Amino acid sequence: MHERKSLQLSLEDKMRALENLPLLANVSAKERRELAEKAHVLSFAGGDVIVMEGEAGLGFYLILSGAVNVRRGGEIINRVEAGGFFGEVSLIEGVPRTADVLADGPTVCLGLLRSDFKRLLVREPRVAMTILEEEGRRLVGSPLV
């Protein structure tokens, strides 16, 4: 089900990738370095299930390349492309995953574990605010998200 494949990137490559993500563009270089040290680079093929509705949420995902489809009840309710993110609802709310997320073609993500994600939100309130703003846009766009 989870066909993730870990990729090895240098610390510098991870830091550049984090810097190029809109969510983390204004994060301090020190914080970006700490995140890069902890981030896992994961590669998925098209159709791979990255997270499953109902499972415990362990990580937060930032999409470096490719795109994902968010599916609930067999219906695609959202698409998130490179530069976007997913997995935050389960981690913030402490609830099981609220939807399936599937790779829509080859997709590479940076994954952060719950503890690293929560530390980021405490240290970087702008990131927390950006995530909340995106959640608001998703809610307005689709009452199912």
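In this predicted model, N69 is in contact (heavy atoms within 4.5 Å) with I76, N78, R79, D100, V101, L102 and D104, where residues up to four places away in sequence are not counted. N69 itself lies in strand 5 (residues 67–72), strands being DSSP runs of E with at least two residues, numbered from the N terminus. With a relative accessibility of 14%, N69 counts as buried, a class that means under 20% relative accessible area, computed with a 1.4 Å probe on protein chains only.

Aromatic pairs were assigned to rings of Phe, Tyr and Trp (its six-membered ring) whose centres lie within 6.5 Å, with planes under 30 degrees apart counted as stacked, over 60 as edge-to-face and the rest as tilted. This rule gives three aromatic pairs. One of them, formed by F60 and F85, is tilted, at 5.7 Å centre to centre and with 40° between the planes. Because F60 belongs to strand 4 (residues 59–65) and F85 to strand 7 (residues 85–86), the pair ties together parts that are 25 residues apart in sequence. F60 is buried at 0% relative accessibility, and F85 is likewise buried, at 5%. Ring pairs join F60, F85 and F117 into a cluster.

The chain has a mean pLDDT of 86, with 91% of its residues reaching 70 or more; pLDDT is the predictor's confidence in each residue, from 0 to 100. Among the elements of the chain, the lowest mean pLDDT, 71, is that of strand 1 (residues 5–7), and the highest, 97, that of strand 8 (residues 100–103).

Residues are numbered from 1 along each chain as its sequence is written, and side-chain values use heavy atoms, leaving out hydrogens and water. Local features need pLDDT of at least 70 and side-chain atom pairs count only at pLDDT 80 or more, whereas totals for chains, interfaces and linings use all residues.

How values were computed. Helix = DSSP H or I, 4+ residues; strand = E, 2+ residues; numbered from the N terminus. Buried < 20%, exposed > 50% of the residue type's maximum accessible area, 1.4 Å probe, protein only.
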